[in-house]
Every structure is written in C-alpha cells, then in structure tokens.
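Hello,

Here is the structure I promised to pass on. My notes follow below it. Please read them with the model open.

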Amino acid sequence: MSDAVSALESACAELTGLTVQRDEPLARHTTFGIGGPADALVVATTEDEVARALVATERHGVPLFVLGGGSNLLVGDGGIRGITLSLSGALAELTVLEGGRRIEVGAACSFPRLTQAALSHGWPPAVGWFGTPGQVGGALVMNAGTRHGEIGEVVVEVRLADAGGSHRLPRSACGFGYRTSAFPPRSVLTSALLQCDSHKSTEVEALTAMAHEQLNRRRATQPKQRSAGSIFKNPPGDFAGRLIEAAGLKGYAVGAAAISDVHANFIVNAGAAAARDVVAVAEHARAVVQQRFGVSLEWEVRRVGEHR
Ligand SMILES: Cc1cc2nc3c(=O)[nH]c(=O)nc-3n(C[C@H](O)[C@H](O)[C@H](O)COP(=O)(O)OP(=O)(O)OC[C@H]3O[C@@H](n4cnc5c(N)ncnc54)[C@H](O)[C@@H]3O)c2cc1C
C-alpha cells in the first residue's frame, strides 16, 4: 500500500458516522457531467463533522477539496486525490432575521433557494443572482452574480472552519472581486450572515418581475446543454463571448465538447465529453483570441483534480 493510500485509509477510519463514498465518479456531481473519481467523497452535515474532516486530513497529510454544487468546476479525467468534502444537512439551513433585513444561511443551502428568499424580502441585488445554480458556499467563493448584483455586496460576515477551529471573517477580509474572493487556503465556509439595508425599497412584485425578465433573457441567450456557465471571465471593457464569436469559433469542437452555437462563452458537453476535450477547446479559443485581438482570456471555471 502506498503512503498516500494508507494516509487516506487512516483519515477515513477517523470519520465514523460520516458518509464516505470511495471512488465516486465526480461526473455525477458536476453540472458539466464531467470528472473522474474522488478517492473519497465525504459528506459532512454539521460544523462538528466539518471540523473532524479537517483535523483528520491535516493529521494524515491528506489533500482536501471542498465541493459545492459543482456548477463552476471542470474536474480532471483523473479525478481528485484525497478527500472531497461535500456539505449537507444542518449546513443547508436558512433563517430570515429582523423582518427580512438579514438572512443567516448555511453554505450547503442551494443558491436558488437563497435567491428566492432574498427576492421575497425585497433584496434588489438578488435580481442579479437569479438563475445561477450551485450552493451558497460556492457562490461566496466565486462572488457569484451578474452586473445586477453579486452576493459579496450583502455579506456581513462568513463563518469558516479550518484545522484550528471555527472563525468569523468580516466582509472586509473576504477579498470579494469580479468572480473572486480571498478566503484562506484549506478552509471550509460553513455559513454566512447577509444583510440588505435597501430591502423593501422596491416592491417585491416589481423585483420578482425584473428577475423573471432576466431569466427569460438568459434562457434565450444561453445553451440548454450541460455546461459550467461562462468558461472565461469578461476582460475589462469587453465580453469573452463577443471575442470568441468574432474569431469565428462558434461550434468549434473537440470530441463531444463544443463552443456553444447559442453563446460563445459557453463550452457545452454535447454527449460524453472528457475534461481534456473541454481544455483543448478552451485553450484553442484562448490562443486564437490572443492572436487575433491581443486579449488574454482568463478562465472563470475552476480546473481541479488531475488533468491528463
Ligand atoms: C447554466 C449556468 C449558469 C451560470 N450562471 C452564472 C451567473 O450568472 N453568475 C455567476 O457568477 N456564475 C454563474 N454560473 C457559475 C456557477 O453557478 C457559480 O460560480 C456558482 O456560484 C458556483 O457554486 P457551486 O456551489 O456550484 O460551487 P462549485 O463549482 O462546487 O465550487 C466553486 C469553488 O468554490 C469552492 N467551494 C464550494 N463550496 C465551498 C465551501 N463551503 N467552502 C469552501 N470552498 C467552497 C470549491 O472548492 C471551488 O473552488 C453558472 C453556471 C451554470 C452551469
């Protein structure tokens, strides 16, 4: 038995009472429908279980990856070594406070559920979240949203766990930017306290109508096939999709991975695409856009695990 395998065995042996799935195909857990196996997919349902997983991985030197809703990920065909931690149960709770001015929400709560709750209490930024899949933890890490609103705008503080225990981090220390944040490495977000001071400044019905209008626009302009959303970030002052389309790359395909005919900043899995097909398509697009327009596109989708 190799050192890595015996370290993983020892770490998993400490996780009694937690669900541990060995060699779980991550294609089942990503919106792309792509990804090799997790050595061990561990489900934590409480902060205490998260802490135990963190301590066990730290003690045995086992790599740790946190999986949210898998909607911004390209997991390599080789899968993810060590423990892939998924959150559930009590970590998915949502509580409305102060008559709807604040919401306390667990990292495993679905982002659409939070969006719905925020809209129903008249939170304008939630219009920009509408239609974004995933979980709250992933939304915080990606500072998810659109130009109509990002989740980072309403964060008061997040609660996160690391091998040293549980901490609160104020918004000012979260490093929110365009599709980015700066949470400490090897930390697991467990919940967030959100606040919207302009709640109910607009009628709930008007906000909901705006959100649905946005969703209809999305449906008309985004592909229905499996994807991980926008593959690249928009470069300053331009749109990645416009550049890729202008380079004549709509429909460009490798295997079953293709640049969508509907929106050029989406790579779709039209069948049984492999991660290496998606990387080949994306890197071709990046190279052509660089050559034609001198613009260097940056990946928005996170490539994780072993790519080969
Ligand atoms: C059809 C479609 C449309 C989309 N539209 C949008 C959009 O309009 N706007 C937008 O911003 N995004 C969009 N996305 C991308 C994606 O939905 C968001 O980035 C989403 O917030 C990712 O959340 P997730 O839970 O799926 O995270 P994942 O993809 O699972 O993970 C993303 C990152 O967060 C980390 N992470 C997840 N949970 C935790 C946690 N609890 N603690 C620590 N780290 C964690 C992961 O390790 C990973 O690094 C879209 C995706 C799809 C498929």
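Angles run from 0 to 180 degrees between N-to-C directions, and axes are lines fitted to C-alpha atoms, for helices over the stretch in contact. Helices (H or I, at least four residues) and strands (E, at least two) are DSSP runs, numbered from the N terminus.

Two notes on the source. This is a predicted model: local features need pLDDT of at least 70, side-chain atom pairs count only at pLDDT 80 or more, and totals for chains, interfaces and linings use all residues. Residues are numbered from 1 along each chain as its sequence is written.

Two strands count as paired if DSSP finds at least two bridges between them. Strand β2 (residues 37–44) and β5 run parallel, joined by 6 bridges. V43 stands opposite S86 in β5.

α1 also meets α2. The axes of α1 (residues 3–13) and α2 come within 9 Å and cross at roughly 150°. The two helices are therefore roughly antiparallel (under 35 degrees counts as roughly parallel, over 145 as roughly antiparallel, 65 to 115 as roughly perpendicular, the rest as oblique). A7, S10 and A11 of α1 make the contact with A56, T57 and H60 of α2. These residues divide into 3 nonpolar, 3 polar and no charged. Ala, Val, Leu, Ile, Met, Phe, Trp, Tyr, Cys and Pro count as nonpolar, Asp, Glu, Lys and Arg as charged, and the others, Gly among them, as polar.

Next, the domains. There are three: domain 1 (3–87), domain 2 (92–206) and domain 3 (223–304). The bounds come from an automatic or database domain assignment. The C-alpha centres of domain 1 and domain 2 lie 24 Å apart. Their contact takes 15 residues from domain 1 and 15 residues from domain 2. On the domain 1 side, α2 (47–60), β3 (64–67) and β5 (80–87) each give two or more residues. The largest share of that side, 6 residues, comes from α2. The side of domain 1 that touches domain 2 has 8 nonpolar, 5 polar and 2 charged residues.

Last, a further sheet. Its 3 strands form an open sheet in the order β13-β14-β15, with antiparallel pairing. β13 (253–254) and β15 (267–269) stand at the edges with a single partner strand each, so one side of each is left without a neighbour in the sheet. β13 pairs with β14 (residues 257–259) over 2 bridges, in the antiparallel sense. V254 stands opposite A257 in β14. Helix α7 (residues 275–293) lies across β13, β14 and β15, running at about 25° to β14.

Best wishes

Terms used. Two residues are in contact if their C-beta atoms, placed from the backbone, lie within 7 Å.
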